[in-house]
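I opened this entry to record what I looked up in the model. I went from the whole chain down to single elements.

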Amino acid sequence: MSRVCSTGCGTELGAKNKSGLCRPCRCKATMCNPEVQARSTAGLKRYLTDPVHRAERTAMSAKNLARWRASPEGRAKTREFAMANLAKAYEFDATERRRRQRQAAYPGIPESRWDECVALKKHMTAAEAKQMIRDDEALRERKRKAAMSPFERDMERLRNGAGLVAAPDFRTSNPDFTIGGIASASL
Ligand SMILES: [Zn+2]
C-alpha cells in the first residue's frame, strides 16, 4: 500500500521515504523552522563579516540589478518609477506653490476660508471680500468666546500661554489680642 505525504497535500511517497513528508513539504517545513532560520541568518552574518565575501555579494547584487535594468522589463519599470516620482514631485510643488501664493494673498484669513474669498470676489473688490471674511471671523470668535464659561475661557488662555498671576489678598486677619483681658467674643 502506498503512503501519502502527512500534510495532506496528496503526494505519494516513495518506498524509502522516512520523514513522512514529500520533498516540497519537507523543504517548506525546514525553511519555516525558526531554529533553522536563526542558524541560517547567523551563518550569513558570519559570512558577510569577511570583507572579501561582502564585496563579492555587493558586486553580485549590483550586477544582477544592472542586468535587470537593461532588460526590456527592467527598462520599462525603471522608466515607470522615474515618471511616477517626477509627476508626484511636480504635483506637490505646484500645490505647495499655490498654497503659499494664496497665504500671501489672504493674510489673517484661515486657509479653510480662502475658497469663500475667491467666490466673494466675483461680487465685490478683493479688499472688500477679504474684509468681509475677516469681520465674519471676528464675529465667530466673539460668539465662540461668549458661549464659553469663565472657567473654559481661563483654561484656553492658559493653553495659549497666559501665565498665572497671584491675586492680592486684601482680607484682614482677626486681631490676635484682647482689650483689657476681655475676650473679643464677650464684647
Ligand atoms: Zn507534501
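My notes follow, beginning with the chain as a whole.

**Overall make-up.** The model is a predicted one. I listed the secondary structure of the protein chain and found seven helices and zero strands. Read from the N terminus, the order is α-α-α-α-α-α-α. I then looked up the radius of gyration, which is 40 Å for the protein chain, well over the 16 Å that the globule rule gives for 187 residues, so the chain is more spread out than a compact globule. Along the principal axes, the C-alpha atoms of the protein chain fill a box of roughly 120 × 75 × 50 Å.

I checked what share of the 187 residues in the protein chain is buried, and it is 2%. I also looked at contacts between residues at least 6 apart in sequence; of these, 9% join residues at least 24 apart.

**Helix 2.** I took residues 34–49 next, which form helix 2. Its 16 residues should span 22 Å at 1.5 Å a residue, and I find the end C-alpha atoms 23 Å apart, which agrees. The number of buried residues in helix 2 is zero, so this helix lies largely in the open.

**Helices 3 and 4.** How do the axes of helix 3 and helix 4 cross, and at what angle? I have helix 3 at residues 51–70 and helix 4 at residues 72–105; their axes come within 4 Å and cross at roughly 90°. An angle of 65 to 115 degrees counts as roughly perpendicular, and helix 3 and helix 4 are therefore roughly perpendicular to each other. On the helix 3 side I noted Trp68, Arg69 and Ala70 in the contact, and on the helix 4 side Gly74, Arg75 and Thr78. Sorted by class, this contact has two nonpolar, two polar and two charged residues.

**Leu139.** I located Leu139 in helix 6, residues 126–146. Is Leu139 buried or exposed? I found 10 C-beta neighbours inside 10 Å, so Leu139 counts as exposed.

**Helix 7.** I ended with residues 150–159, helix 7, where zero of the ten residues are buried, so helix 7 lies largely in the open. Gly161 follows helix 7, and I noted that its phi is positive, near 100°.

Terms used:
Residues numbered from 1 in each chain as written. Predicted model: local features only at pLDDT ≥ 70, side-chain atom pairs only at ≥ 80, totals over all residues. Buried ≥ 20, exposed ≤ 12 C-beta atoms within 10 Å, placed from the backbone. Helix = DSSP H or I, 4+ residues; strand = E, 2+ residues; numbered from the N terminus. Rg over C-alpha atoms; globule rule 2.2 N^0.38 Å. Contact = placed C-beta atoms within 7 Å. Axes fitted to C-alpha atoms, helices over the stretch in contact; angles between N-to-C directions. Parallel < 35°, antiparallel > 145°, perpendicular 65-115°, else oblique. Nonpolar A, V, L, I, M, F, W, Y, C, P; charged D, E, K, R; others polar. Expected span 1.5 Å × (residues − 1).
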